[in-house]
Amino acid sequence: MNHWLTAAPILVPLTTAALCMLAWNYPVVQRVLSLAGSVTLVVLAGILAATTLNDGIQVVQMGAWAAPFGITLVADPLSALMIVIASIMGLCCAVYALGDIDPVRERGGFHPIFQVLMVGVCGAFITGDLFNLYVWFEVMLISSFVLLSLGGTKVQIDAAVKYVAINLVATACLLLAVALLYGITGTLNMADLSQRLPQVANQGLVSAIAVLFIIAFGMKAALFPFFFWLPAAYHTPAVAVQAIFAGLLTKVGVYSLLRVFTLIFIGDTGWTHSILLWMAGITMIVGALGSLATRDLTRAWSWQVVAHIGSMVMGLAIATPLALAATAFYLVHDIVVKTNLFLSAGLVRRLSGGEDTAFARLGGLFKAAPWLCVLLFIPLASLAGFPPLSGFWGKLLLVKAGLETQHYAMVAALLVSGLLTIWLVGRVWAEMVWKAPVQPPAALLASMARGRAYALMLPLVLLSLITFGIGVNPDRLLSVAAQVGASLHDTSAYVEAVLGGKAEPVPTLVGELQHQAGDRP
Amino acid sequence: MLEAYQALIGILAVAGAAFCAIAAIGLARMPDAITRMHASSKAGTLGCGLILVALALYFPSVDVAARVVAAILFLLLTTPVSAHMIGRAIYASGEKLWSGTGRDELRGTKDDPGERLNG
Amino acid sequence: MTPFLETCLAIALGLLVLSLALATFRVLKGPAQGDRIVAIDLFGVLAVALIALFALWMGQVVFLDAAIALALVAFFGTVAYARFVEHKAARQRKEDGDA
Amino acid sequence: MSLAVGGMVAGAIYLFLSRQFLRILFGVILLSNAVNVAILTVGRLTQGQPPLIARNAEIMAQGVSNPLPQALILTAIVIGFGLLSFALALGWRAYQEMGTLDTSAMRVAEPEDRP
Amino acid sequence: MILTAILVIILAAAVAPTLHRVLPALSHWLLALVPLSAACWFATLVPGVAAGVPVLETTRWAPSLGIALSFRLDGLSLLFALLICGIGAFITLYSGGYLRGHPRQGRFHLFILAFMAAMLGLVTADDLISLFVFWELTSITSFMLIGFNHEDARSRRSAIQALLVTGGGGMALLAALVLMGMASGHCTLSAIAASGVDLRAHALYPAMLVLLLLAAFTKSAQVPFHFWLPNAMDAPTPVSAYLHSATMVKAGVYLLARLNPTLGGTEPWFWALTIAGGVTALWGSAMALRSTDLKKILAYTTLMALGVLVLLIGVGSDGALKAFAGFLLAHSLYKGALFMGAGSVDHGSGTREVGDLGGLWRKMPVTGLFIALAALSMAGLPPFFGFVAKEIVYDSAFSNERYLVLAVLLLANSAMVAAAATLFLKPFLGAPTRAAAHAHEGGLALLAGPAALAGLSLLFGLWTALPQGLLAATADAVRGAPLGLELHLWHGVTPALGLSALTLALGAVLFLALAPVKSLLAGVQKVTRIDHDRAWDCLLNLVEVLARGVTGWLQNGILTRYLTLTFAGMLALLGSTLLLRGGMSWPGMTLSVGDGLGLALAVLMLAGTLGALRAGSRMAAILSLSVNGLSVALFFLLYGAPDVGITQLMVETLTAIILVLVLARLPFLPAGADRPLPAKLLHAALAIGLGACVTAIMLSILGQPLPLDLSQFFGDTSWLEAHGRNVVNVILVDFRGFDTLGEITVIAAAGLGVFALMKARKGQGNRP
Amino acid sequence: MMDSLILRTGVRILLPLMLLFSIFILWRGHHEPGGGFVGGLICAVGFALHALAFGIDAMRRVLKADPRTILGAGLLLGILSGFITVPTGEPYMTAQWVGGLGTPVLFDIGVYLVVVGGVLAMVCALMEEGGA
Amino acid sequence: MNLLALNILLALAWMAVNADFSLTGFTAGFILAHLILWLARPLFPKERYFRRTWGGAAYAIWLVKEIFVSAWAVAKGVLGIGPPIRPAIIAVPLEAKTDLEITLFACSITLTPGTLTLDISPDRKVLYMHAMFAADPDQLRDDTKAAMESRILKVLR
Ligand code: NA
Ligand code: NA
């Protein structure tokens, strides 16, 4: 039964999407399907994660064709963790959408496309095949195109133009990278790749292809200098879409970097991981600066998405078990917080009655909606890394990992970026919560239908509770993250699970080489 | 016998290619778009057809022959239609005909596609 | 395959490649839209011929299907282009009329 | 063939760097073609022998083309087509909404005066 | 129990808003009981701790990181805990009176109690990370408190300023603590101290020290991080009284004292602390003398006191540490009372300007009395505890022969005397003013705090044995070894007494010559031109300008810029890798006749590319691309990929149809017209560079062998196991059918997407 | 819509031929070049041509079903064909063959339908709204 | 058209009898059945099936010949060895009425030497053709009508 469970993260949203497409003329049916599908996904993802963490890596061969011939789905601790968190975000955004989405967008196919996005995200998280990963990236990409432009307002179209143009480059780059890698190894299975790459004679060529992967996934992850599509676009679509984008899309890029640069490309870490380190450092600073340069809430959050990508990639670049665990922890934290921030920004926009979230329009929330402020305070403080919320633990782990490996400059960059974020959070609080509003906030929630208001508030409550829960009781997630970190650092279990007894897995330890390499920033 | 048969195939192929080449040369040399189309639509179709026939002869089975016939029929059906479409489009777009063109019994009549397709 | 046939095929291939080059030249050069469309139409037909010839050369009859498919769809492209030109012309006239 | 791919990539990138969205789309087409050619090429080229199993055979003959890259390209072509058609429709809508396809004049989402 | 105390206070904080709504008149009394009982509980621990037995407590938290909520109460912690809870109780009460009728009183109590809990945790934490957690919590809660009057833009600014300064310190502290943990291998302060690891000898000691000082100095507002404190006085008076005199600002001092045994005693430590402390003390004195606002005066004297405390830790002699303990307590008591008193004056008369106040004695005698008592203690007059403390301070400096320190202390204390006089004499005994006309006494809630604190100042002065045990334990804790502190009101005739007299005299002179002193100081300030507040603004502006500059350059809203940077990044990464990591190689070249055909197709592809590049019309571009696409299709066919070739043909045609459907109305710019020459060159360079990279990689790949076992497997099983003779198709629908599933999902989404893009438009209604 | 008698007559003859050809291609795709994509594309191209010649409404009438329905049905068929393994307990998409008919063929039909539906949805939307 | 169906049916029967379900089998069956039906044509007195098929075949052969001629003429024109080209656009009044007749006529014109159908008037009364060698346009018009339209009508009516 376990192989059905392992495939469920793709099949559930996919079936939901197909059913929603068939019911294209019946929005109510779509709503029910979307909700049911999202809940099912959360439940199954939870079971999958529990199974993986307790019983070890789950592997299923699609079509029963053995690896590396068929397509392998692998739920290792990282994948399982990501899928659980992604499914929860999916549910939150789906529920929020029930209250927020307008009829035009709904009839334009919001529900099926949203599910397709989840298919892409979950598929990317769980596949063990590089080309299959490309396919799920494309699924994610096309659905993100559609969701971004759904509604077709002028701003959206403008943003979509930039988003689409840059992402098409990214996607071609990824395809090229996969193809070239196939061209030297003759395989696409990631575990198999990790076995075959060391045998390639021309290791310099492997490094070049690895860099191509850095570029391709870096573009997806919005690393410097490939992030431009993100601040250009994320503030424009429907709120639920913004939130799911902010929560998941870039993280899939980070996940992929994490997967590929711990499992496959570990031969030239002195070079590849130094590049990642530099990119991460600059991303942190530039992202934080960007968030300070804007005077718009949602756009500031977009920049913060960028900034924190840098933090996660920093962990990958350092690549000790602790650093990898830090990245895993940070991923979970950041997904929850960013989703929450964008959802709440949507609510704030509603309350301010405006079309956008420019600081000039905001204010007076403390008076108008104190409970909302309490809810907002949690993700904000967590974003700033204030203890004892989730962001603090992520930062602590990263600082620790960085200092242990003498990456002082990176830790400094991380802390400076954190300080800039604190500034931003203080400013946002002052502008959004404290400042007297230009016009008093509307009592929209009260005037809404009860169900709609619940749909808007419930996700916020849930997400804030998660952040708070991780913060005050971090140990569960910390130990999971440690498990993830260990499994990424030593991938022999992964390889063995996928290839079975056929191959003799050599323990592949990422990061070992790096400490001999001198060229670190 | 086989030699002669293969020679026939070879000659057909070369002839076909030659007609194709003539079509291409016509395309390069003719004075205006419509006259170029004369070259391409006739010589090209014929050349292509000859090569297809050569193919059919090379694989002597009804299966292949039927498909070759189908292909040629497709060609014969589509070439004039597209020639008509292109010709009309060229005419409608008001492109200047070659200065050597004689009478034009279409321009300015109620049937002039340039006027008719307006709006 | 006799040497004569082989030579013939080589010559034929050469001629076709030359033709394709000429057609490409016309596509690039124009000068009118019509010229380009005529050229691409011929390019399609030449490609059909090339595929057929290639099938012959390689002794692989499966390429014939590609030739059929191309013969079919090249036509669609042409229709679409023609339609484009007509619409543009119509629009041009309309704008001129408005002006 | 590598040179052709390189040339197409270069051409595509030059088109991408244009201000005209249409040119960017043309770049997309070109880039997608380039990558597809690259896939087949790095899968090693074998002339004229499609990977089919003959009627009288049970396994694929030696010396035929590598089937796997072909399958990958098929997937990539179709996906590329999906993306491209969406991008094209987007271009149309962009022109409709903003009256221009000059991307440097598209400043709605990131207006100059409002950072 | 310590954790329980903290949690109970947090609980009280959580219920405060509700409680206030339910019992508006009583809530502050009830809430004040919570810290008061905590204080009482702490008081019961005094004998044990004074006897040298610290209280230890540990709760599991994050065992996987070795982090626990461990607490440790020694003298230092207990003294702080008592101050926090004790003064906290009165502040809670006081703020209830001060904010009577204020709509957000409940929220105020929430924040102040939350702050109290955080502060309590900070001073009792033993675990390094727990310490940091509480440290940061004090920053957040104080942010909320400073910005309590949040409609006022100045309040908001001050709150952010305090948040940033202390937040920056927090970052440094985090790094410092992690370093300490790493260097020592222990997670708790007591374990580090007990382990015998000498951090002072560690290679990272300078880093730890700098980071730690950064944290402590920002929190305790030492020069040059002092500027936020006076601004923070925009907060309501209870906040100033509590945070900015008694507790939060002392957190930095606490940290220094706490780490004195582990990190202190070195040269850098001495110089950093004495210089920062001394300058802060002097600067605070000067500013206090210049100020005319009651709260400002108090704020600056607080700075001065903080400077003195830091200075004493820096000096680090036994005497200095004893003096530190005494002065810490004395200052907390009188400053708390004075702040509350000043707040009452403000509350009663509506102004805090010394110039506007006068003759309050008759209107507010009780307040006046307590202010007088506290001011006397501040001035260091016997029999107040301030005097006792000052005596040991002087004593320590004198016995150490640190005369420069002594001079600083003398000046600071004289200024304190003058300030004390300013605070009391003019407002209460001066000629009545208009503002004083309708001044009135506050209620019991407003008076209880000053009364208790001023009373204790007097009591401890008279009965020095009462605080002696605790203070001795405090000094021991700061030293990390027993010191044997003894307190006496009367030491006999000592140099210290003489200095006290001198201080009084000097203070009197300063007070009497206040006007000339002020102008003198103003002149000095003009000459030195140090306006830290403006400097801060400049710094922030600089960051903002940097932020805008960087962002404006990178994210300028123009797609071409984005793509240029993206491609430039790609070229830089790929190019450098290819050049620096080797890997470029040439495959062996063999050309057959068939390859001639391939070559011809390659040329056609390139011709199509070129055509697309220089096309001057849409049609030309599309048709050039068509040439390219058809050549690619032919290429696929040539190399034995009929499925791919046919698909490419179909897609080519469909693309043409869709292009035509879309393009008919779009404008087109002729080639080359859309970019200036430099851009053209740059773009061409990027394009050619990347094209060259791709070519180089592909050529190198072709020089490698390619294992074909996957394809071999597909070929072997396609018919026998998967029942298909077209291996490509079998791969598509069976071996790798999952890819295809994803792919049809893409097509489905694209179809729906185009449909939605064209039809679902907001503001135009929905046309299904 | 293109107002041309010749084109219309041509299309009238070509459309059925193309549909036939597309199904032919789909059917034999498992053994010879072709399959769901190519077949679907040919079918879609045929209908697109019809729309070009006769207008979108005429095409919709010939097509009968809404493209989106075709698309959804195809996707669902594609997904469900993989679920047939549920009783056997084998992983998703494990092929099941009954004589010459197997789930991969079913899957290919799903692909065909999705391609037809997806492409026609695009074409319909572009033609109707594009006005071109 | 009933005979076509019958013809196909018989071809299928042939395939069934021979158990040969290939295209070859069908073709053989079709031709065989056609011959049988032709022999039995007195059974179907008013049927035009045979005239159509045989006439159509004859026309096709003629057309193929014309294409060769046409291509040759074009080749000469292209290579500059034939008569100088003298293009013109000529209106040809139509006698053909049905869609099929008109289309077939138009296609034939395009496939034959030196002429090309440009357009058909919306009222379907006039066909406009472009001719390459139209020294005498009126003569060409008459030739075209005589050579082709009449043949087509003969076959189809
Ligand atoms: Na993305
Ligand atoms: Na296929």
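This passage describes the interface between chain E and chain D, and then one residue of chain A. The structure is a predicted model, in which local features need pLDDT of at least 70 and side-chain atom pairs count only at pLDDT 80 or more, while totals for chains, interfaces and linings use all residues. Residues are numbered from 1 along each chain as its sequence is written, chains are lettered from A in the order in which they are written, and side-chain values use heavy atoms, without hydrogens and water.

In chain E, 100 residues are in contact (heavy atoms within 4.5 Å) with 82 residues of chain D. The buried area, which is the accessible area (1.4 Å probe) that two parts lose on being put together, summed over both, is about 8200 Å² for this pair of chains, and carbon and sulfur atoms give 73% of it. Tyr639(E), Met698(E) and Arg725(E) supply 8% of the area that chain E buries against chain D, more than any other three residues.

Ser207(A) lies in helix α9 (residues 203-221) of chain A, where helices are DSSP runs of H or I with at least four residues, numbered from the N terminus. Leaving out residues up to four places away in sequence, Ser207(A) touches Asp268(A), Thr577(E) and Arg581(E).

Methods: Helices (H or I, at least four residues) and strands (E, at least two) are DSSP runs, numbered from the N terminus.
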